[in-house]
Every structure is written in structure tokens, then in C-alpha cells.
Amino acid sequence: MWDVIARVCSTDGNRDGGACVVLTTHSMEECEALCSRVGILVSGRLKCLGSVEHLKQKFGRGYTVDITLRALTSSSGTDVTELASVTDQVRAFLAAERSLSARRSSRASQRQRSSSSLQVNNVAKVTSANIQDLCTVLGAPERGARILDHSGTGWLLSSQLEAQGSISVDTFCSWWVSETHGEALQTFLQVKFPGSVLAEQQGEHFRFQVPKHRPESDAVLRPAEIFRALEQTRTNLNVDEYSLSETALEHIFNNMAAQQDEEKGVAHGMNIE
């Protein structure tokens, strides 16, 4: 089909100098291959019109940087140390919470309290009742809010809370360390390259939009500078792999499509009973 459209549009073999073809598609790859001008419709309105290069220059967000962090593993001494530190803090919090609850509810013997503390250390759970206080004690109360609000990466634990009523200490601590690594990566890019924005995150995979120009001097930011910065801090940031590309037409289309209002109402000619 691409060959047919290209042949119809071509001036070769057409005495009238070629033909104009209006192509409707959601494939930006198809647009880049066939179209000399591209228009993007959002909610029935034409949001932009021009050549592919023009749209990239006007609506592109600079560079797209894809980074995948290394998954936590027991073979990494750093991961083991981080997990152990967080786990100790979580178990200490749960033990103190259980001990305080026991003192308030009864006058149990010292032996019973010791047994209770031992039980906490072995099978303690994180619940919706204590997770906000726990995150506050660990120094990041906003993470607790994300879990309780089912927002951002918090949904990973909130879904488990809903299904099982609690989260194991090991699961919570692994999530916590992963969140710390992700936030460290975001902070690094935003400080090193001001204006960088996290566009998407799925597990250990992050996609950032990095501007082509430095806001403080308007100097052009070259891809080599980004590669160099990531390579120099690769180990410290737990980076497994990364790639960089200029903003593609697909990204521009997706960004505009995300602004589309939800269609409401009834189509003309339809009867709804």
C-alpha cells in the first residue's frame, strides 16, 4: 500500500505533476514515510500542520532519554546493605508499635511482651493503618500518600493491600529501596540538566524528556554530554542500560492525544432508550 500511495503522489509518470493524497492514520511511522505535510487532530480540532521536521522543531521536547535501572539482587553487596538497613528500621518501627499497643491494651507480663516482640520480628506486616506513620518515620511521607491514594508507583503496594489486607516486610522494603533509586535518578537528571521531566515510568524503566538548550545560558546541550554524565555515574545510580534519541513524531502525537477530552453525549441519529 505504501508503494501505491508513493507512486500516485510521485511526479514521475504523471503528466499533471502528481496527485494529492489525504491519508488518515494513527501510525506516525507511516506519516514520516509518506507525508510531506502532517496535521494532528485532537477532539476534532487541528492542533498543528506542517512538515515532519517543522513539527519536531516546534513541538518536540528535545531529547528522549530511556533509562533502565538494575533490578535489586542478593548478589549485589550494595543492595543487600540498603535492604538490611531499611528492613531493620521497619522491624524496629513495627516492634515499637506492637509494644505500645500491648501496653495500652493490657498489663501483660514481661515474658509475654518479649514473645510478642519476637513474633513481630518474624511475621510482622505493614497495613493501611500504619503505613503512613511508617513512611514518615523513614523520611518520605509522600510515599505513604501515594500508596493510600493508589497514585504513581504506589499502586504496586495499594493493590496488594486491597487484596491481602497487608504487605510483608520484605515486599515493602524492596519497593522502598527501588523508589529511593528511582528518585535519585530523577534528582540527578533534573539537577544536571535543568528542565528535564519524567515523562513515563514502568517498573525499573524511566523515560525522560531533556531540553536541547540549557535554560541558564541557552547553550545547545549535546547528546555526548548526556551520555558522559550517565556513564560517569552509572554505578552509583544503579543504571543497567540507557539510550537517547531526538523527540520522534510518535511522542508529539501521543502528547497531543493525551490532551483529548473525553467524548460525551449521544451521536446524532442514535436513539438511546
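**View 1. Helices α7 and α9 cross, with axes that come within 12 Å at roughly 115 degrees.** Welcome to this predicted model, where local features need pLDDT of at least 70, side-chain atom pairs count only at pLDDT 80 or more, and totals for chains, interfaces and linings use all residues. Residues are numbered from 1 along each chain as its sequence is written, and side-chain values use heavy atoms, leaving out hydrogens and water. Helices (H or I, at least four residues) and strands (E, at least two) are DSSP runs, numbered from the N terminus. Axes are lines fitted to C-alpha atoms, for helices over the stretch in contact, and angles run from 0 to 180 degrees between N-to-C directions. α7 and α9 are therefore roughly perpendicular to each other (65 to 115 degrees). Arg143, Arg146 and Ile147 in α7 meet Trp175, Trp176, Glu179, Thr180 and Glu183 in α9; contact means heavy atoms within 4.5 Å.

**View 2. Helix α8 (residues 155-164) has a buried side.** Its buried residues are Leu157, Ser158, Gln160 and Leu161 (buried: under 20% relative accessible area; exposed: over 50%; partly exposed in between; 1.4 Å probe, protein chains only). They lie on the same side of α8 because they cover an arc of only 160 degrees around the axis, the arc being that of the directions from the helix axis to the C-beta atoms. Exposed Glu162 and Ala163 sit on the face of α8 turned away from its buried side. Among the elements covering the buried residues of α8 are α6 (131-137), α7 (141-148) and α9 (169-192). After α8 comes Gly165, with a positive phi near 85 degrees.

**View 3. Four strands form an open sheet in the order β6-β7-β3-β8, with antiparallel pairing.** The edge strands, β6 (197-202) and β8 (239-246), each pair on one side only; two strands pair if DSSP finds at least two bridges between them. On average, neighbouring strands of this sheet are turned by 20 degrees against each other, direction ignored. β6 and β7 (residues 205-210) run antiparallel and are joined by 5 bridges. For Leu198, the bridge partner in β7 is Phe208. Helix α10 (residues 223-232) packs on the sheet, where it touches β3 (63-69), β7 and β8, and its direction makes about 175 degrees with that of β8.

**View 4. Thr87 has its place in helix α4 (residues 77-105).** Thr87 is buried, with a relative accessible area of 16%. Leaving aside neighbours within four places in sequence, Thr87 is in contact with Val169 and Cys173.

Definitions and conventions
Angles under 35 degrees count as roughly parallel, over 145 as roughly antiparallel, 65 to 115 as roughly perpendicular and the rest as oblique.
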